[in-house]
Amino acid sequence: MSASRPTTALVTGASSGIGATYADRLARRGHGLVLVARSGDRLDALAARLRSETGVAVETLVADLADAAALARVERRLRDDAAIGLLVNNAGSALPGGIADQGPDAIEGLIRLNVTAPARLAAAVLPRLIAAGEGAIINVASVLAVAPEAMPGIYPATKSFVLTLSQSLALEAGPRGVYVQAVLPAATRTEIWSKTGHAVDSVPGLMEVGDLVDAALVGFDRGEAVTVPPLHDEAQWNAFSAARLALLPGFRQSRPAPRYGV
Ligand SMILES: NC(=O)c1ccc[n+]([C@@H]2O[C@H](COP(=O)([O-])OP(=O)(O)OC[C@H]3O[C@@H](n4cnc5c(N)ncnc54)[C@H](OP(=O)(O)O)[C@@H]3O)[C@@H](O)[C@H]2O)c1
């Protein structure tokens with residue numbers, strides 16, 4: 001899909017932070033918008049501002065993506081609305097503490113929002129985009145997808161899922177004209193920090209949210225499969241990917257490795 005083509009974009013988690021900034025930037029690129037989150041008042045205020053500043057059509061869709069019925073409503077919209085050519089899977093949250101501190105309900109809720117929702121929303125829109133032979137999906141993961149050392153708890157694993165999901169989607173849909181981008185932010189100034197009990201100004205190496213999204217959209221325009229805005233040395237990511245791919249032939253073995261003595 002051409003990055004400047006003004007199809008409608010559905011942005012999840014658009015009421016604040018990275019999602020609200022995507023909404024702003026996509027509206028300025030001429031995309032109509034469907035904004036999804038739980039906070040209807042915040043979505044309405046953003047929609048009104050973007051309509052008046054950019055003239056694009058902006059709709060809001062209030063939905064708790066951790067709720068099965070609400071998720072199904074957003075899926076239906078993605079399946080049925082032929083104007084939507086871009087899905088931004090951005091909604092997400094984190095939990096304080098380590099895995100031993102995160103009770104079963106909190107773990108279940110986080111997985112529903114960070115894992116189940118992006119997978120199901122991508123699966124809902126994909127057949128239509130493939131049939132059209134164009135369109136795009138942006139999945140907001142995190143550098144924690146490859147760096148569980150940097151934060152305890154379930155959250156990094158949810159972001160590893162989003163990265164692998166993006167790679168699988170790209171393999172399946174890329175040859176059929178659908179562009180899939182995984183975006184891996186590091187620490188970015190948004191409300192996610194205060195929501196998980198962190199004083200945002202004490203976070204080292206914090207990126208401003210506008211810089212993060214502007215860089216991610218340059219990565220989109222470059223057609224990158226994985227965009228890591230904070231990583232200055234692109235060759236490091238390329239070497240990491242090459243090392244992973246180099247493992248693949250070694251996995252095709254009928255016998256266990258000699259070190260296991262089987
Ligand atoms: N900020 C960072 O340092 C950072 C780093 C790496 C990755 N990320 C990722 O970036 C994405 C955006 O986060 P952010 O930093 O912009 O945080 P944020 O400001 O807290 O925004 C999170 C967005 O998700 C929505 N959301 C939360 N729970 C939801 C639910 N159950 N149903 C529907 N929407 C829900 C929130 O809206 P409502 O509360 O109105 O529902 C809000 O719009 C997340 O996937 C996060 O994991 C952030």
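First, a term: a polar contact is a pair of N or O atoms within 3.5 Å; within protein, one must be able to donate a hydrogen and the other to accept it, and residues adjacent in sequence count only if both atoms are side-chain atoms. By that rule, lysine 159 has a polar side-chain atom 2.9 Å from an oxygen atom of the ligand. Aspartate 64 places a polar side-chain atom 2.8 Å from a ligand nitrogen atom. With isoleucine 192 the backbone takes part: one of its polar backbone atoms is 3.5 Å from a ligand oxygen atom. The protein covers 96% of the 880 Å² of accessible area that the ligand has on its own, with areas from the Shrake-Rupley method and a 1.4 Å probe.

Some housekeeping. This is a predicted model, in which local features need pLDDT of at least 70 and side-chain atom pairs count only at pLDDT 80 or more, while totals for chains, interfaces and linings use all residues. Residues are numbered from 1 along each chain as its sequence is written, and side-chain values use heavy atoms, with hydrogens and water left out.

Now the shell around the ligand. How many residues surround the ligand? There are 31, and the closest are Arg38, Ser39, Tyr155, Thr190 and Lys195; the cut-off is a heavy atom within 4 Å. The shell divides into 16 nonpolar, 10 polar and five charged residues. Here Ala, Val, Leu, Ile, Met, Phe, Trp, Tyr, Cys and Pro count as nonpolar, Asp, Glu, Lys and Arg as charged, and the others, Gly among them, as polar.

Which helix gives the most to this shell? Helix 6 does, with three residues. Helix 1 (17–28), helix 5 (155–173) and helix 6 (192–195) each supply at least two. Helices are DSSP runs of H or I with at least four residues, strands are E runs of at least two, and both are numbered from the N terminus.

Next, asparagine 114, which is found in helix 4. Is asparagine 114 buried or exposed? It is buried, because its relative accessible area is 1%; buried means under 20%, exposed over 50%, and partly exposed in between, with a 1.4 Å probe and protein chains only. A polar atom of the asparagine 114 side chain lies 2.8 Å from the backbone oxygen of serine 93.

Last, glycine 97, in the loop between strand 4 (84–89) and helix 4 (104–132). Glycine 97 counts as partly exposed because its relative accessibility is 33%. Its C-alpha atom is 9.8 Å from that of glycine 197, 100 residues apart along the chain.
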